[in-house]
Amino acid sequence: MSAELIDQGNALLMQRDQLNKAEGILGTANAALDGIESRLRNNQDDLDALCALAEEMLEGGFIAPGGVAEAGDLVLVVEEVEVEVRSAPIPSLDFIDIEVGDDWASYFAKVQGYADRNGLTLSEDPFGSLLSPTQRIALEKRIRDEFSLKNANCDKFDYMIAGTCGFVGGLIDVFFVGLPGQGTLTKFTDDVTDGFVQKFARVCGWKGPREGKDPMASAIAFLERNFKVNYDHRHGGDVGGLFDMSTKNHHIKSLAHSPDLVGLFFSILDQFTNTAHFVDGGKIISVDTSGSGFELKGSDFVSKVFAGFVNWFGHLVSDVAGSSGAQGRGSGIPIPFFSLLQFINIGEFGQHKQTFAKIAVQVFEKGYDFRHGMALAIPVFVTELLIRVMWTFKQRFHDDRPWTECVPSAANPELRRMLLVGHGTLCVVDGADAALRSGGDMIQFMLRSNLIGWARFGTLALKELRAWYKAGGLDVEAVDAYLDVEYERLLEPQHMMHHGW
């Protein structure tokens, strides 16, 4: 619970204390008024009785007409008696004085002053005191029923749906993705990437290619000129022969060329410190670039960070479809986090006993780049979408649930299990195809494997293991989110007015 919510809850507690004390004072005042009214009624009764007695005496001749007493007459003497009415004093009411123009800080300072004057302590959990016993019991029951981590209870139809959707996704992967640059979907994503690069270049001021020039090469060259960086080394000669690097793999070896948080971090670091960081043999190698003539624009730290981000993104766009001088498809940028595979410098694969890190670099050199990664994501996305849609329709029309309960949230245990089965089926189809077509060659196996699908399956497997391990416990994140919503509802003016706070 945030500190702001706690302060607001304590303000409500102080307001309720004021209300309770005001109600007590009103009760005391009402009791005093009732006592005065009772005494007035008694006095009126005594006066009425006295008047009646006087009339009887006049009618009986006890008093002479005209009211003049003569000898022998009975004289009625009425004496004035002073009656003092006493009641308990009504205590004064302490209150929080709210003035026009008060902000939250000044108002809460007055709340704290009220608490100090009345010997009250601000609570660390004010909403627990604001809830009535009935509300607290209902809340605890709802938390037990709705926020307990449960294992999935899928029926045979759920598994059939998930398996079928995953099989469809696997077939799309086998027949329409294939090897980098050869599959139908990879060619499609290559064309989409080329179109995006040209549109981005036009937004940045590119006027189009000269007559007879290739549009893609012209657009890439324009972006390379306008988004220069100091870490764009082309081959081993540019780094003084510190390690082996070529134009086909310099994008994967340079950490700043990775389109993810790792790449952004190293790009900003390299531009600020005039260095370039590469990976070779499972180790990070830093190269001094102070003599490159590069200078990061910006007058202060924030502007330099922004300029560094723009350079990073613009340079990635210039490289995503290959370089301006590339022949054919060219070497793009790696799939997000693919560069980190170079740190797995273990194993002996193939006849040359190469480590897994070197295998990953060679796979990238053969076209397993960001463009191919977009193609790999299509069957994964289709599988995910089909499962969620089919689960929604089954909940609505087979299980006869209202639409509000058919939202395909991954927090649902059954849907989570179906996604795991579906993506697992896709990975089985993909793995079997890669194993059969690769003939035992590790590079060919990875080229035909859907890394995006395996990553998605891995994240779902971890979630399922976590749910299985914590089954019966509470989903703390879901409970916190629900309680935050309830606390906000308690602080709404309509709710406070309804309860008289």
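Visitor: Why are Arg456 and Glu384 called a salt bridge?
Guide: Their closest N and O atoms are 2.8 Å apart. Helices here are DSSP runs of H or I with at least four residues, strands are runs of E with at least two, and both are numbered from the N terminus.

Visitor: Where do these values come from?
Guide: You're looking at a predicted model, where local features need pLDDT of at least 70, side-chain atom pairs count only at pLDDT 80 or more, and totals for chains, interfaces and linings use all residues. Residues are numbered from 1 along each chain as its sequence is written, and side-chain values use heavy atoms, leaving out hydrogens and water.

Visitor: What makes Glu384 count as buried or exposed?
Guide: Buried means under 20% relative accessible area, exposed means over 50%, and partly exposed is in between (1.4 Å probe, protein chains only). Glu384 has 13%, so it's buried.

Visitor: What makes α12 close to its expected span?
Guide: The expected span is 1.5 Å times one less than the number of residues. α12 has 29 residues and reaches 41 Å from its first C-alpha to its last, close to the expected 42 Å.

Visitor: Why do β1 and β2 count as paired strands?
Guide: Two strands pair if DSSP finds at least two bridges between them. β1 (residues 275-280) and β2 (residues 283-288) have 6 bridges, so they pair, and they run antiparallel. Thr275 stands opposite Asp288 in β2. The two strands form a hairpin with 2 residues between them, and Gly281 in the turn has a positive phi of about 65°.

Visitor: What makes the Lys248 and Ser331 atoms a polar contact?
Guide: A polar contact is a pair of N or O atoms within 3.5 Å; within protein, one must be able to donate a hydrogen and the other to accept it, and residues adjacent in sequence count only if both atoms are side-chain atoms. The backbone oxygen of Lys248 lies 3.1 Å from a polar side-chain atom of Ser331, so the distance is inside the limit. Ser331 is buried, at 17%.

Terms used:
A salt bridge is a side-chain nitrogen of Lys or Arg within 4 Å of a carboxyl oxygen of Asp or Glu.
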